[in-house]
Amino acid sequence: QHDGSKNAASYVTQAGDADTATVDQSGLDQLSSVDQEGNNEVALVTQTGASNTSGVSQSGPSDYATVTQNGTGNNSGITQSSTFGGYSSDGDFPSDSGYAYVEQIGDANNSSINQSGGSNWAVLHQDASNNASNINQTGNGTFADVSQTGNGNYSSVAQSGTANNLNLSVGISQSGNNNVSTVSQSGNATVLNSFQNTVDVDQSGNSNNSSVDQSRSEERRVG
C-alpha cells in the first residue's frame, strides 16, 4: 500500500499464513497500523515526513517486522508473540521466532519493541537527540542490538526467560553526551552450565550513564 498524501492513514489486518504487508507513506501526518495473526508473517513499513506513527502487532510463529522512519516526532511500536518456528531472512540473520528492526532518523523519536516466545531478535538504530528506546524480550534465546547517535538519548533493555539452554545477549552503542543505558537480564536454565547472558555497552562522549543488572539460576534435573 502506497499513500503519498499529506494526511495519510493505513490500517492492515491479516489472518492466515505467509502474509506480507507493505506500507509506504510519504507526506506530513501519517498513521500506519498492521495487525497480523498466523505463521510466517512479514510487515514492512516505511514512513518519510513529520509526525509519523507506526504500530505493528504480530502473533504466531516466525514473525518479521521492519519499520523505517525519517522525519520529526516519529513513534514506532512493535509487538511480537510466538512460540516456535523460524523465519529465514536471506542469510543476514539466523532463523528465529521473532525479528524486529527499527530505524529512526529525525527528531524526538520513540521506539518500543515487545517480544515473547521462542527466540527473538531486536535491532534498533536511532540518529538524533533526545530519543527513547524500550525493548522487552522474553524467550529461550533473545538478542537486542541498540545504536543511538546524538545527545540525551535513553535506552532500556529487559530480557528474561526459562529454558533448557538459555541465551540472553545485549549490545548497546551510544555516541554523544548525557545518554543513559539500562540493561536487565534474568532467567532460569534447567540444564547446569547452559545459561549464557552477555552485555556489551559502548558509550562515547561526556556525562553518560550505564546500568547493568544480571541475575541467573541453573539447576540440574535428574529424571
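Guide: Here are the labels, each set against its definition.

This is a predicted model, where local features need pLDDT of at least 70, side-chain atom pairs count only at pLDDT 80 or more, and totals for chains, interfaces and linings use all residues. Residues are numbered from 1 along each chain as its sequence is written, and side-chain values use heavy atoms, with hydrogens and water left out.

Visitor: Why is threonine 13 called exposed?

Guide: Its relative accessible area is 67%. Exposed means over 50%, buried under 20%, partly exposed in between (1.4 Å probe, protein chains only). So threonine 13 counts as exposed.

Visitor: Where is threonine 13 placed?

Guide: In strand β1, residues 7-15. A strand is a DSSP run of E, at least two residues, numbered from the N terminus. Aspartate 35 is 22 residues away in sequence, yet 4.7 Å away in space, C-alpha to C-alpha.

Visitor: What makes β5 and β7 a pair?

Guide: Seven bridges join β5 (residues 53-59) to β7, and the two run parallel. Pairing requires that DSSP finds at least two bridges, so they pair. Valine 56 stands opposite isoleucine 78 in β7.

Visitor: Which side chains of β7 are buried?

Guide: Ser76, Ile78 and Gln80, on one face.

Visitor: What is the average pLDDT of the chain?

Guide: The average is 84, and 83% of the residues score at least 70. Over residues 85-95 the pLDDT is below 50. The scale is the predictor's confidence in each residue, from 0 to 100.

Conventions
Helices (H or I, at least four residues) and strands (E, at least two) are DSSP runs, numbered from the N terminus. Contact means heavy atoms within 4.5 Å.
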